[in-house]
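Please take me through this structure stop by stop. I have it open in a viewer and would like to know what to select next and what is there.

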Amino acid sequence: MKGQLTIICIFLFVTFYSFGQKVGLVLSGGGAKGLAHIGVIKALEENHIPIDYVAGTSMGAIVGSLYAAGYSPDEMIEIVTNPEFQDWAFGKISDKYLYYFKKKEYDASLVDLNFKYDTIIKPVFPTNIIPPHTMDFAFMELMGKASAASGCNFDSLFVPFRCVASDIYANKAIVFANGDLSSSVRASMTFPFYFKPITINGRLLFDGGIYNNFPVDVMIHDFKPDYIIGSKVASNKSPDMDDDVFTQLENMIMIATNYTLPDSTGILIQPNVNYAGLMDFQLAKELIKDGYDATLAKMGEIKKRIPVRKDSLDLISTRSKFIKKEHPMVFKNIYMTGVNSFQKKYILKNIIHLNDTFTVDYLKKKYFRIIADDQIESMYPSSRYNPQSGYYDLLLNVVREKRFNARIG
């Protein structure tokens, strides 16, 4: 009788622990190397390992947000291996959206100096190498519907999510738990001087990897999981190369990060991705495979430590229920900041006729037409679902061009 009671108690304990166990996934930054995270997620899903929470920084924030927004691993692979993804990463506008009649003609100048004027004239140095327009629009298009479906509450996404950005002025990390999903992720991956920083709630924000490139502390503080799986593709220092300015910048600005996990409550996956550079996005397939293989290599240990399983049909059903909450991205109203009434009328006229609705595909063509205008420096788009109208509002933060050129040669 005593032996039977012991067996029953053990059974009840294991059953309770299994069903109550929650698993958090933490994804490091690391530029293109972070594409390996997709392979990690794919291997975990195929082996029925639950992912109850996700936290990521920089490229880890991009991958984590796509998963939290309801994209399956195969859908994420399709996104990052599409040639358009290369366009986003390097700021290239697809030929079908180029307007050649507005393209600047080449000339024979040897030196091209930009000046900005308000009340005084002063030289202007670029804040970013890569134009962010294609990436900004893509993030809105990919994440806008999920952000609306969650009510801009990251706990209500398909998987609860956190990402980290850096406030350079305040010298601290900023954790996003709510707000516009695409803008939060855009802030988290804004590598200084490569991408243009964005302002959220009055703060100018940069890449979260500067202060916290592996947000285990955020995962523990916000979600308190029973077990943590970490995917690490970054390191604290890389050898400087005289022709690799991005590695030099990374070594200068990023503080040391603790990439360890407690042995009792965590397991670290480290894909072999040292062959890839910060911007080697053309290696997407190889990087994803490395993440997948590295996870399978530790799957025995993962299954031993995480007894609970996520049924494939249950996962598909949960994902489907979340996606059904999304509204088709059709816009009606447009709101703008940074422009006067005449400039607003000009932009509106170039996008849509009064009282008409328009799809995101239609908007894309008009958006790049306006971006081609030499009177506009930047135009950051974001979407907001309006339950009263049943359509999305388009929010445009416009920065007018205040520069003139001096060409020497």
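**First stop: a strand and its neighbours**

Select strands β1 (residues 23-27) and β9, which run parallel and are joined by five bridges. This is a predicted model, in which local features need pLDDT of at least 70 and side-chain atom pairs count only at pLDDT 80 or more, while totals for chains, interfaces and linings use all residues. Residues are numbered from 1 along each chain as its sequence is written, and side-chain values use heavy atoms, with hydrogens and water left out. Strands (E, at least two residues) and helices (H or I, at least four) are DSSP runs, numbered from the N terminus. Two strands pair if DSSP finds at least two bridges between them.

Now click on L27, which has S231 of β9 opposite.

Five of its five residues are buried, so β9 is largely enclosed by the rest of the structure. Buried means under 20% relative accessible area, with exposed over 50% and partly exposed in between (1.4 Å probe, protein chains only). Y227, I229 and S231 lie on one side and I228 and G230 on the other, and both faces are covered.

**Second stop: the largest cavity**

Across the whole structure, a search finds three cavities of 30 Å³ or more. A cavity is a set of points on a 1 Å grid over the protein atoms alone where a 1.4 Å probe fits but cannot get out; lining residues have an atom within 4 Å of a point. Grid points are joined across faces, edges and corners, and a volume is the space filled by probe spheres set on the points.

The largest cavity holds about 320 Å³ of space. Select M59, I62, M189, F195 and F281, the closest to its centre of the 28 lining residues. Then colour helix α6 (133-149), which gives the most to this lining, with four residues. The lining divides into 20 nonpolar, six polar and two charged residues. Nonpolar covers Ala, Val, Leu, Ile, Met, Phe, Trp, Tyr, Cys and Pro; charged covers Asp, Glu, Lys and Arg; the others, Gly among them, are polar.

Keep α6 coloured: four residues, the largest share of the lining of the second largest cavity, come from α6. This cavity has a volume of about 130 Å³. Select E84, W88, T134, K364 and F368, which lie nearest its centre among 13 lining residues. By class, this lining has six nonpolar, two polar and five charged residues.

Conventions
1 Å grid on protein atoms, 1.4 Å probe; cavity = no way out; pocket = protein on both sides within 12 Å on 5 of 7 lines; lining within 4 Å.
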